[in-house]
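This briefing concerns a predicted model. Please read it beside the sequence and the structure displayed below.

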Amino acid sequence: MDNKQIRYDILKELFNVSVGQAASMLSEVVKKTILLDVPKIEIIKSDKELCELQTHLPAVLDGTLMISSITFQEQLTGEANLIFPAEKMKTFINLCLNESEQEMQYSDMHFTDMDFDIIREIGNIILNAIVGGLSNQIGIQLQYTLPEVQVFDRIDFEEDIQNKEYPYFLMLYITFDIGDTEIEGAVIVNLTLTSLKELMLIVTKIEDELYG
Amino acid sequence: MDNTLYDILNEIIEGIVIVNEGLKICFWNDYMENVTGLKQEDVKENYIYEVLPNLNKRYFEQSIQQIIKNGCKIFFSAGMHRSLVSNKKEFNVKISLIQKNNSKFFLLEFIDVTNQFVRINQFKEYVQELYKLNQKLKVKEQLIKKLAYYDQLTGIANRTLFYKIAEKLIDNANRNNSLIGLLFLDIDKFKQINDVYGHEAGDKILKKVACILQNYTRKSDMVARFGGDEFIVLLPHFKDSKSYKKVASRIMNAEDKSIYYHSREIKISFSVGISLYPEHGNTIDTLILKADQAMYTAKNKGGNQYCIFE
């Protein structure tokens with residue numbers, strides 16, 4: 001196994017611990033078993049071609065996307081975006097609200113203010129866990145905002161995220177299981193070079209502890 | 001904290017509660033007093049869980065721990081956490097950390113979204129009504145379609161549907177150089193049956209004939225009631241004129257050509273005229289006219305037989 005892969009695996013495990021805590025909290029809030037998993041992680045340099053992100057975004061993230069974003073600053077500066085397909089999130093919202101089958105039959109793809117608030121809360125729990133996990137590993141405290149929730153078309157989102165001045169993306173592929181519904185999505189953390197270096201230092205430290 | 005700040009927080013049109021690290025209430029603004037009916041002096045120094053028992057959940061405690069650990073902000077949506085403050089109103093809750101002189105405080109903001117809930121519920125009811133109305137309209141649309149294209153008595157195609165489909169079949173036959181046969185059928189002595197046994201018996205006979213025609217033709221053939229006691233059968237995709245004679249013979253020799261009316265058996269017979277596309281005409285009206293003439297030839301020969309137009 002090469003060094004890069006080992007580092008990715010370490011990062012993956014770190015984030016899985018964080019999202020596991022988020023899943024347990026979400027399960028308690030919605031009173032349903034929720035499983036969250038980060039099966040894969042990638043670090044993407046953003047100064048390449050504009051199409052670069054397209055090749056990394058999971059194929060399921062097509063069409064209309066629902067995105068919760070928080071920004072954080074202090075010793076690490078960046079932005080974290082939780083992305084899921086809007087259609088699947090509508091199903092998830094209906095499950096959270098315990099909507100009856102009949103009510104779900106009438107429900108369409110229009111999101112109400114209440115729906116946006118539910119997504120804000122879910123985004124808050126997951127993103128706090130991920131960014132909080134990151135800052136705890138590095139041993140620093142960050143200043144965060146509450147999530148902003150937006151509905152984007154995939155193409156507009158790719159342009160929006162690449163227009164921001166962060167040279168690196170940390171891409172976490174994430175799966176969300178609630179009852180019979182599985183939702184695939186991603187978390188994109190935009191990082192400055194310093195922030196990425198800080199993070200990789202921690203990973204290297206863990207790697208050294210593991211392999212000497 | 002100085003009094004000016006408290007005065008400002010009392011002017012804010014949202015619930016503001018400040019608790020210390022031990023979760024005891026330090027500040028409870030006027031808005032909270034109005035919503036809960038609890039005065040600040042009564043709740044001050046009390047545990048937030050005692051004053052707002054619906055917040056006493058494990059995830060709330062975990063969130064507080066997370067705020068202390070990470071400095072993050074927490075958001076609870078009214079959609080997922082109903083009646084957090086009162087049974088009459090719904091609130092979104094934001095919790096942030098305030099650090100002052102090495103002390104930690106939590107700022108709890110309660111934002112009233114009751115009107116949103118009311119509007120959304122109204123909207124949902126409206127959508128439900130529209131959905132139900134739409135379902136009813138769909139059923140009615142089907143019924144109207146049926147009334148427009150199908151004969152009410154026999155349930156087979158009426159003249160309107162016949163013309164619609166016949167035009168298409170002729171176009172197809174023209175493109176594929178195939179043949180079409182048209183059988184024009186008239187029930188023998190139908191007027192007499194009506195006069196002797198009444199219209200109820202006549203209707204029974206019409207239904208029976210429709211049934212025979214459907215049973216003795218293929219699914220791809222078209223059986224229609226043309227009007228009164230006249231029926232038309234359109235037979236596409238045949239190779240030669242002999243095939244039409246076979247179909248006509250099968251219909252003529254059907255075994256169940258009778259009905260029972262008040263325990264009396266009434267025998268049914270009919271005369272059939274046949275025209276062929278393209279041999280006898282290129283339009284559906286011409287083919288009907290020729291088949292009608294052939295049917296009269298069959299009637300003039302005594303009925304209960306078929307004739308091909310010559």
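Pro278(B) lies in the loop that runs between strand E11 (270-277) and helix H11 (284-300) of chain B; helices (H or I, at least four residues) and strands (E, at least two) are DSSP runs numbered from the N terminus. The peptide bond joining Tyr277(B) and Pro278(B) is cis, with omega at about 5°. The model is predicted, so local features need pLDDT of at least 70 and side-chain atom pairs count only at pLDDT 80 or more, whereas totals for chains, interfaces and linings use all residues; side-chain values use heavy atoms, with hydrogens and water left out. Residues are numbered from 1 along each chain as its sequence is written, and chains are lettered from A and ligands numbered from 1 in the order in which they are written.

**Backbone of chain B**

- Asn102(B) has a positive phi of about 65°, although it is not a glycine.
- Asn102(B) is placed in the loop between E4 and strand E5 (103-112) of chain B.

**Interface of chain B and chain A**

- In this interface, 31 residues of chain B are in contact with 29 residues of chain A, contact meaning heavy atoms within 4.5 Å.
- The two chains, B and A, bury about 2,900 Å² between them, 56% of it on carbon and sulfur atoms; buried area is the accessible area (1.4 Å probe) that two parts lose on being put together, summed over both.
- Between chain B and chain A the count is 1 salt bridge, defined as a side-chain nitrogen of Lys or Arg within 4 Å of a carboxyl oxygen of Asp or Glu.
- A salt bridge links the side chains of Arg58(B) and Glu28(A), at 2.9 Å from N to O.
- At least two residues each of the side of chain B that touches chain A come from helix H5 (58-70), strand E3 (74-76), strand E4 (91-100) and helix H6 (114-149) of chain B.
- H6(B) provides the largest share of that side, 9 residues.
- By class, the side of chain B that touches chain A has 11 nonpolar, 12 polar and 8 charged residues; Ala, Val, Leu, Ile, Met, Phe, Trp, Tyr, Cys and Pro count as nonpolar, Asp, Glu, Lys and Arg as charged, and the others, Gly among them, as polar.

**Helix packing**

- In chain B, helix H8 (residues 190-197) and helix H9 (residues 199-215) pack at an angle of about 140°, with their axes 6 Å apart; axes are lines fitted to C-alpha atoms, for helices over the stretch in contact, and angles run from 0 to 180 degrees between N-to-C directions.
- H8(B) is therefore oblique to H9(B), since angles under 35 degrees count as roughly parallel, over 145 as roughly antiparallel, 65 to 115 as roughly perpendicular and the rest as oblique.
- The residues in this contact include Phe190(B) and Tyr197(B) of H8(B) and Ile205(B) and Leu206(B) of H9(B).
- In chain A, helix H1 (residues 3-30) and helix H7 (residues 193-211) pack at an angle of about 100°, with their axes 10 Å apart, which makes H1(A) roughly perpendicular to H7(A).
- The contact of H1(A) with H7(A) has 10 nonpolar, 2 polar and 2 charged residues.
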